[in-house]
Amino acid sequence: MRLPAWRSRFVLICIFLAFGGLIARAAYLQIISNDFLQEQGAKRIERTLPLQAVRGTLLDRNRVVLAQSVPAQAVWYDGRRMVDAKDEDLRKLAEILGLKPERVIKQVRGDSKRAFVYLDRQVDSDVAAKAKALKIPGLGFITESKRYYPQGETMAHLVGFTSIEDKGQEGVELAFNQRLTGEDGERNVIRDRLGNVIEDIRELRPPVNGQDLVLSVDADVQYIVLSELKKAVEFHNAKAAAAVVLDAKTGELLAMANIPTYDPNNRGSLHGEKLRNRVFTDMFEPGSTLKPFGVALAMEQGKVKPGTRIDTGKGRMTIGPATISDTKELGVATVTEIIQKSSNVGTSKIVLELAPKDLWDFFNHVGFGQTPAISFPGAVAGRVRPWNKWRPIEQATMSYGHGISVSLIQLAQAYTIFANKGVFVPANLLKVEPGHEPPSRRVISERVAQDMLHMLELASGPEGTAPKAQVQGYRVAGKTGTAHKQEGGRYVNKYVSSYVGLAPVSDPRVIVAIMVDEPKRGMHYGGLVAAPVFSVITKSVLTRLNVQPDAVQPGQQLRRYVEAPSGSRL
C-alpha cells in the first residue's frame, strides 16, 4: 500500500522542527543564559574557603623557639548523617580523641538535626588520622593549626598562650597579638555533596603570615631563675614568689619567672592562681628596697653627703601618735652607715628634709606610680598618693617603702639609675639591636649614683643586712626589703621578703629582683629569704653571660705584691 507523499513530508518537517528546537534551546543555554547558569552551578558546588595565615614564631634572643604553630585538625560531624553511626564506633572515636564515650554518644544523638557541630579542636594530625580510619559516616576534618610551647612551664608567664581560635590570651601572645596573627587569604574550591574538597580552582588572595618576634629573654637564664625560685618556695613554704633579671645596660628583660606556674600546652591547667603574672600585675610595699631613692635625692639636692652624720637616737622616732623604730640601735651614724645598716629612723630623718613634691616627682621619674612602658597585659602603675595629701608620717614611712606600692618590674627598672651612673633605662621585652636602644633619661648625677652604688655594696657585704647576697668572684650591690602585708586595710603578721641587686659592681651587667610572698619557715627578713636566691641566680647568670669576675680573691693581693717589680707600690 503506497502512503501519500504529504505524510512523509510532514514527518520530515516535524523532525527538522524538533532538531531546530533542540538547537535553539542549546543556543539559549550555551550563549544567552551561559553566565546565569554557570553562576547557579558554582553556587551549588563552589565554595570560598579561608587560607589560614601562619601565626608568627616567638624566639628568644639566641633564636631558640619559644612558641610556634604546628598543623592540627578540627574534628566535626553532620548530625543528620551521624544518627546511623554505631555506638561501638563512637566509643572507639571517643577513646582516640581522649573524650568521655558517654558524652560523645549523648552529644551526637542529640544533634541529629544539625548539619555542622565541632566535636574536638586542635587535634594532633596523627590522632586525627586514626579517627579518620574509622570511616564513620558524617564525620569530617578541617585543617587548622595550634600553638606549641617547647619550653613548657619555664616560659609560661612570659610567653602566655592562645585561645582555641589561635588568638592571644595572655603574655606576649596577647601583647603582640596583632603582629603575630597576620592576615588570612582566600581560595575557591569545588566540593562534592558530602562536603569534601575535590578540586582547587584558584587562589583569590594569598595569606600574609604573622611576624616572627625575637624577644629579649634568654631561655637558659629563664630556666635557671625558675629552678631557683621553685627551690626557694619549697624551702620557705612560701605562698608564691617572683623574679626578674634585666640587662643593666639596655633594660632588656633576660628572665621573668613566677611560682606557681603552669604548662601552656595543657589547657586543663589554664585557670586560677597559676595564671597570675606577679612580676607585672601584683603590687606590694617594697620595704627597705626603696631607701636608696629618697636618700639619693637628698644627696642630689645637697641636703646630705655620704659622710653626713645623723643621730638616730636609740632607734625610735615619734611623729605625732606614730612611732618609727629600727631593729637595732645605731646611735649617731653616717648616711653610708644608715643605708648599710638599713635604719628606718635615719632614712626618715633624711627624707623629711625634702619637699614632698620633689620626692613625688623623683618617684615618677624612676617609674613609680607610672604604667611601665614595656608592653605587657595587666601591667599595673602601682600606687603613689598625690604629694599634696601627704602627712609627715606618710612621707617618713614612704622613705622606707611603706605606704607606697610598686610592682617587681618597676622596682627592678628603677635600680637602673644606680647601674648606669644616674641614667634611667626602661625595661624592654624585645631584643634591642645596636643603634636602636630605647630612650633613656638622666635622673641623678653620676657622682650621686656612684656614691649610692658604694653604699649598696656595703649593704650587701659582711657588715650589711644582706651578706647572704654575696656572689663568689663578683662584687654585688643591693638592698633588702621586708614589709608587712595588708589585709582588710590593716597590717597583719604576713610578710613580703625582697631583694634587688646588681652585679658586678665594677661594671654592672645585670639587675636581679627577687620577691617571696609569705615565707613561713620561721624567718621572713629579705636578707635571709630573698638574698640567698639572688646570690645563686646571679652567680649562674653571670657565668652564663661570660662576665669576668671582678672581686679580689683571698691571697690575690699577696700574689700581686710578690710578683710586682721592686720599688712599686700596690
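Predicted model: local features only at pLDDT ≥ 70, side-chain atom pairs only at ≥ 80, totals over all residues.

Residues are numbered from 1 along each chain as its sequence is written, and side-chain values use heavy atoms, with hydrogens and water left out.

Stay on S497, which sits in strand β18 (residues 490-503); helices (H or I, at least four residues) and strands (E, at least two) are DSSP runs, numbered from the N terminus. S497 counts as buried because its relative accessibility is 0%, and buried means under 20% relative accessible area with a 1.4 Å probe, protein chains only. Leaving out residues up to four places away in sequence, S497 touches, among others, G481, I514, Y525 and A530; contact means heavy atoms within 4.5 Å.

Next, follow β18 to its end. The peptide bond between A503 and P504 is cis, with omega about -15°, and P504 belongs to the loop between β18 and β19 (510-517). For another cis bond, go to I259 and P260, where omega is near 10°; P260 is in the loop between β10 (253-259) and α11 (278-281).

Now pick E518, in the loop between β19 and α20. E518 is not a glycine, yet its phi is positive, about 60°. E518 is buried, at 9% relative accessible area. D166 also has a positive phi, near 65°, and lies in the loop between α7 (156-159) and α8 (171-175). D166 is buried too, at 8%.

Last stop: the cores. A nonpolar core is a set of buried Ala, Val, Leu, Ile, Met, Phe, Trp, Tyr and Cys residues joined through side-chain atoms within 4.5 Å. The largest has 86 residues, and F368 is one of those that touch the most other members. Show the surroundings of F368: beyond four places in sequence, its contacts include L290, F293, V384 and A414. A second, separate core has 34 residues, including V221, V245, V533 and V541.

Key: Buried < 20%, exposed > 50% of the residue type's maximum accessible area, 1.4 Å probe, protein only.
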